[in-house]
2 protein chains.
Amino acid sequence: MQKAVKKYLDAADREQQILDFAITYVAQRGLSFTTRELAEALGVSQPLLYRYFKNRDELLRKIYDEVYLKRWDPNWNAQLSDRTIPIRTRLIRYLKAYTEAILDERWIRIFIASALEDPQISKRYLGLLHETTFPLIYREIAAEAGMTPPAGAAADELALEIVWGFHCSFFYFGVRKYIYRNRIPEKLDPVIEARVDVFVTGLSESMSRMGTYISAMEGSK
Amino acid sequence: MQKAVKKYLDAADREQQILDFAITYVAQRGLSFTTRELAEALGVSQPLLYRYFKNRDELLRKIYDEVYLKRWDPNWNAQLSDRTIPIRTRLIRYLKAYTEAILDERWIRIFIASALEDPQISKRYLGLLHETTFPLIYREIAAEAGMTPPAGAAADELALEIVWGFHCSFFYFGVRKYIYRNRIPEKLDPVIEARVDVFVTGLSESMSRMGTYISAMEGSK
DNA sequence: ATGATAATTTATCACTTGATCATTTCCGAT
DNA sequence: ATCGGAAATGATCAAGTGATAAATTATCAT
């Protein structure tokens with residue numbers, strides 16, 4: 001049996017309640033929400049927000065912190081490196097987890113909206129992919145195909161671009177569903193498996209031809 | 001020699017000038033721009049905007065019309081169908097043209113910002129890809145690989161998803177550059193060629209295994 | 001040159017919005 | 001039960017905002 005609802009919550013509870021509600025509200029309504037609308041939707045007076053948040057900007061910052069936090073599982077990179085398991089299996093497992101993590105209306109919409117407003121906010125998160133996960137994926141596919149990836153700046157850049165092209169398609173599930181409001185398949189698992197199949201098959205086979213593209217990237221403009 | 005700059009432009013010229021300026025301005029500043037800022041940045045008085053646009057919303061609608069128009073070359077689909085040319089070549093040519101067309105700050109930012117606000121606006125554009133280009137690409141790759149793509153709703157859906165995953169990576173160049181404000185390679189052509197290589201190689205080879213994934217999509221939840 | 005016309009601006013209104021503060025309402029320790 | 005303090009609200013301010021209308025200024029045909 002729950003305690004009867006208090007009209008006057010404890011400060012900590014109320015702050016969390018406002019924050020949780022605001023995340024959902026702002027995700028749907030957009031960053032140009034007004035404090036009045038937000039307060040009314042939550043059923044509290046507008047000045048109450050200012051008891052818990054110094055101003056509108058501080059509320060927004062805390063929304064970002066809350067949304068961006070805990071979305072990334074630091075274990076993912078370790079699992080991707082586990083060579084006792086075939087790379088296809090590792091990739092499928094990782095991408096299912098990744099897709100499930102990002103396929104959240106609040107996360108996607110606040111991510112895109114905040115990036116549109118101020119790209120700094122998304123930098124830290126993107127760096128994680130860019131710096132560690134992407135090179136890792138390329139390296140592991142190369143290793144399993146028994147190839148040594150070419151070294152050099154252009155080679156690294158091309159590798160990154162190949163993986164970007166693959167990886168962004170999973171983030172794009174979220175964009176399609178929560179930004180474009182388009183249908184996506186009910187069952188994503190077979191799609192993820194098929195895409196991994198196409199990608200790993202294609203990259204393994206075409207990797208020996210990458211030298212051509214790398215040269216083209218190095219060449220003069 | 002140009003005519004001296006008039007302080008009082010002809011109505012049609014002024015309207016176009018405001019619209020052109022507003023597109024760039026709104027792309028950078030966001031949909032929550034104010035008419036005062038816009039007018040000041042352009043160097044005219046704020047009420048002047050109302051001589052040419054009934055209200056703020058009408059200006060926005062005309063911005064959308066102008067930005068979304070003429071961005072899609074109806075010839076692309078025809079070129080993609082030309083079987084006298086290898087599918088890799090066709091895809092590379094199409095994707096270079098497509099990437100160049102969408103890699104425009106005003107286009108990308110207004111597309112994303114407007115979709116975030118009201119997904120209806122982007123529907124017509126996405127429908128073009130979805131309904132015609134994507135099935136076409138899949139069909140052409142299958143044809144060149146000498147395969148007959150499986151029929152049925154699940155098969156169609158999977159095919160669409162495979163191509164979505166590939167195609168969105170080119171749109172994503174724009175997202176990375178103009179939304180995330182991240183570097184993208186100076187030379188995109190080799191990247192496009194490499195991605196096409198990986199994709200066509202992978203899909204041709206793995207197409208015979210698609211039946212498994214299709215069954216998984218049909219199966220009960 | 002000059003006057004008719006169209007383009008543009010200045011002034012202003014009504015309303016919205018973030019923020020503040022005095023006042024009121026509730027809760028729990030005594 | 002009651003009283004002190006914390007939680008919440010109502011009233012209100014100042015700045016900003018979309019929109020309108022009257023006044024002003026440039027342009028061009030005559």
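In this predicted model, the largest nonpolar core comprises 110 residues. Within this core, the residues with the most contacts are Ile112(A), Leu158(A) and Ile162(A), together with Ile112(B), Leu158(B) and Ile162(B). Helix 9 of chain A, spanning residues 153–178, provides the largest share of the core, namely 13 residues. The surroundings of Ile162(A) include residues of both chains: when residues up to four places away in sequence are not counted, Ile162(A) touches Tyr138(A) and Leu203(A) as well as Ala194(B), Arg195(B) and Val198(B).

The arrangement of the two protein copies was examined next. Chain B is superposed on chain A by a rotation of 180° with 0.0 Å of shift along the axis, at an RMSD of 0.0 Å. The two chains therefore stand in the relation of a two-fold axis. In chain B, the C-alpha nearest this axis belongs to Gly202(B), at 1.7 Å from it. Both copies use the same surface, since 98% of the contact residues of chain B recur in chain A.

By residue class, the surface near DNA strand D consists of 9 nonpolar, 5 polar and 7 charged residues.

Methods
Residues numbered from 1 in each chain as written. Chains lettered and ligands numbered in written order. Predicted model: local features only at pLDDT ≥ 70, side-chain atom pairs only at ≥ 80, totals over all residues. Least-squares fit on C-alpha atoms with pLDDT ≥ 70 in both. Contact = placed C-beta atoms within 7 Å. Core = buried A, V, L, I, M, F, W, Y, C linked by C-beta atoms within 7 Å. Buried ≥ 20, exposed ≤ 12 C-beta atoms within 10 Å, placed from the backbone. Helix = DSSP H or I, 4+ residues; strand = E, 2+ residues; numbered from the N terminus. Nonpolar A, V, L, I, M, F, W, Y, C, P; charged D, E, K, R; others polar.
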